[in-house]
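Biologist: I would like to learn how to read a model of a protein, feature by feature, and I would be glad if you gave me the general idea before the particular case. Could we look at it together?

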Amino acid sequence: MPKKKSIKGSANEFKAEADKILAFLTASAGLGDEHVSWCHDLAIIRLYRAFESLMLDTLVGALNNDTSTLSTRTGFAFPKHLTDEVCRFLVTGRGYFDFKGRDGLIKTLKQYLPDDHYLVEVVSKPGYRNSLELLSAARNYAAHESQQSKGAFKKATGQDRVGAAGSWLKRQNRFQSIADRLKAMADEIHAEAPY
């Protein structure tokens, strides 16, 4: 029988990466104000990348661990054992894994998993809504600095005037708060995952 993908391992990897990013920000504290803002821009991009990887790994793992989840959603009977690579292809095709904000992530998960699957339920919890919305909006604004990304960032923060994403994130432990909530989500996923 093929080895099952470890969702628990993916959750642990995400938390370790988040801790490395937080350590990077701690080390940047002695820099000038503008450089600290730039470090926060980089940090949110890296945190988003790590979270995106966690979501892809957990979705692939959910399919790999139990193909009946996909069969339930699609109505098509899949073989009991699919490799990680096949599950990844089912999710990404020839492209890459992408989602648009929290609602887009939930919609993507529900394409493959039933509504009562633990992964959908954890990501859908109201307690993670704000952090997920801020993660996506801040990442997009830090990466693109377009008018559209700035508008989405203003909406996510609830503020009419914002500077750079990094400037906003460095104040009031905002980055730390987002990272901590995402680590709490990873803990819940770890607790619910069978492997």
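Biologist: Where is the place of Ser10, and is Ser10 buried or exposed?

Modeller: Please keep in mind that this is a predicted model. The place of Ser10 is in helix α1, and Ser10 counts as buried because its relative accessible area is 5%, where buried means under 20%. If we leave out residues up to four places away in sequence, Ser10 touches Lys5, Leu54 and Asp57.

Biologist: How should I read a helix in general, and how many residues does α2 have?

Modeller: An α-helix has 3.6 residues a turn, so residues three or four places apart point the same way. In this model α2 runs over 33-65 and has 33 residues, reaching 47 Å from its first C-alpha to its last, which is close to the 48 Å expected at 1.5 Å a residue. Because 24 of the 33 residues of α2 are buried, this helix is largely enclosed by the rest of the structure.

Biologist: Which residues touch the most other members of the largest nonpolar core?

Modeller: The largest nonpolar core has 59 residues, and those that touch the most other members are Phe14, Leu47, Phe51, Met55, Val123, Phe175 and Met185. Helix α2 gives the most to this core, with 14 residues. Take Leu47 as a case to follow on the screen: not counting residues up to four places away in sequence, Leu47 touches Phe14, Ala18, Ile21, Leu135, Phe175, Ile178, Ala179 and Leu182.

Biologist: Which residues line the second largest pocket?

Modeller: The second largest pocket holds about 160 Å³ of space, and its lining includes Leu22, Leu25, Thr26, His40, Asn173 and Phe175. Two or more residues of this lining come from each of α1 (7-27), α2, α9 (165-170) and α10 (174-192), with α1 giving the largest share, 3 residues. By class, the lining of the second largest pocket has 6 nonpolar, 4 polar and 1 charged residues.

Biologist: Where do Asn173 and Glu145 lie, and what can I learn from the phi angle?

Modeller: Most residues other than glycine have a negative phi, and most peptide bonds are trans. Asn173, found in the loop between α9 and α10, has a positive phi of about 55 degrees although it is not a glycine. Glu145, which lies in the loop between α7 and α8, likewise has a positive phi, of about 50 degrees, and is not a glycine. Asn173 counts as exposed, at 58% relative accessibility, and Glu145 is exposed too, with a relative accessible area of 51%; the cut-off for exposed is over 50%.

Biologist: Is His117 buried or exposed?

Modeller: His117 is found in the loop between α5 and α6 (118-123), and at 9% relative accessibility His117 counts as buried. Not counting residues up to four places away in sequence, His117 touches Ala62 and Thr69.

Biologist: How far apart along the chain are Arg171 and Ser37?

Modeller: Arg171 lies in the loop between α9 and α10 and counts as partly exposed, at 43% relative accessibility. Arg171 and Ser37 are 134 residues apart along the chain, while their C-alpha atoms are separated by 9.5 Å. For another pair, Lys110 and Tyr48 are 62 residues apart in sequence and 20 Å apart in space, C-alpha to C-alpha. Lys110 itself is in helix α5 and is partly exposed, with a relative accessible area of 32%. Leaving aside its neighbours within four places in sequence, Lys110 is in contact with Arg73, Asp115 and Val120.

Notes. Residues numbered from 1 in each chain as written. Predicted model: local features only at pLDDT ≥ 70, side-chain atom pairs only at ≥ 80, totals over all residues. Heavy atoms only, no water. Helix = DSSP H or I, 4+ residues; strand = E, 2+ residues; numbered from the N terminus. 1 Å grid on protein atoms, 1.4 Å probe; cavity = no way out; pocket = protein on both sides within 12 Å on 5 of 7 lines; lining within 4 Å. Points joined across faces, edges and corners; volume = space filled by probe spheres on them. Nonpolar A, V, L, I, M, F, W, Y, C, P; charged D, E, K, R; others polar. Core = buried A, V, L, I, M, F, W, Y, C linked by side-chain atoms within 4.5 Å. Buried < 20%, exposed > 50% of the residue type's maximum accessible area, 1.4 Å probe, protein only. Contact = heavy atoms within 4.5 Å. Expected span 1.5 Å × (residues − 1).
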